Amino acid sequence: MISGNHFKPNDAMIIVDVQVDFCPGGALVVEQGDRIVSVINDWLQAAQQAGVPVFASRDWHPREHISFVSEGGKWPPHCIQDTPGAAFHPDLKLPASTIVITKGVRFDHDQNSAFDETGLATYLKRKGIQRVLVAGLALDVCVLATAMDAHHAGFDVVLLADATRAVVVQDGIEAISKLRRAGVAVIGAARAEQAAPAAGQETCLKAPEWAEHQRFSDEDMGCDDGRAG
Ligand code: VGL
Ligand code: ZN
């Protein structure tokens, strides 16, 4: 269970691209992408109870977007504006107050990060937000870019490791390493209390369930608890 005391007063949640096309059966499948939905719903419920604002980004490409293989990009066509694949996952329970961030609409470059030319950092600062909790798809692409940009914009950042999955699992593990090295707190749902660790307390994380069959180094996860590596 996730309770309101996992939040601090100036928190916001950023749910990245939990869309049909990134889930099994979609156009750009993230393996187990759908499994994060119930985990995120628990966080969303707790966020609502705590009065924590929720932001949800969506990839929202024009047809023939430059990120598509046909245009010299690296991805199959996905999340095309107003198609069923671009919809949020049907089981995702976004609060009515959710602010949607639409990205990937530009003709000149892709926007992996929810902060890329969206004005989001400006808005969050205006609202006094100091820390963002980030979850969603895909860890190695848009979640990584969003969490990194949030960090560079001066926010404290928490990645919810059980509420994300990668296109390429190994790249997801590298994304976690990179984020940790940058100073992002990485927490698992089972250790949700670490969303608000005591000052100076070392974050120690088990390998998330999705990566348990992979080899984790101590550096990836912060400590060796016997499950990792
Ligand atoms: C994403 C690949 C292409 C993502 C978006 O949301 O992570 N990945 N476009
Ligand atoms: Zn895209």
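I count rings of Phe, Tyr and Trp (its six-membered ring) as paired if their centres lie within 6.5 Å, planes under 30 degrees apart being stacked, over 60 edge-to-face and the rest tilted. The model is predicted, local features need pLDDT of at least 70, side-chain atom pairs count only at pLDDT 80 or more, and totals for chains, interfaces and linings use all residues. Residues are numbered from 1 along each chain as its sequence is written, chains are lettered from A and ligands numbered from 1 in the order written, and side-chain values use heavy atoms, without hydrogens and water.

**Aromatic pairs**

I found 3 aromatic pairs in the structure. I looked up Phe 7 and Trp 43, whose ring centres are 5.8 Å apart with planes at 85°, so the pair is edge-to-face. Both residues are buried (under 20% relative accessible area; exposed is over 50%, partly exposed in between; 1.4 Å probe, protein chains only). I also noted Phe 55 and Tyr 123 as an edge-to-face pair, 6.0 Å centre to centre and 70° between the planes. Phe 55 has 3% relative accessibility and therefore counts as buried, whereas Tyr 123, at 26%, counts as partly exposed.

**Zinc site**

I then turned to the zinc ion (ligand 2), which Asp 59 (OD), His 61 (NE2) and His 78 (NE2) coordinate at 2.0 to 2.2 Å. Donors are N, O and S atoms within 2.8 Å of the metal (3.2 Å for Na, K and Ca); water is not among the atoms, so sites may look incomplete. I recorded the donor spacing in sequence as D-x1-H-x16-H. His 61 and His 78 are both buried.
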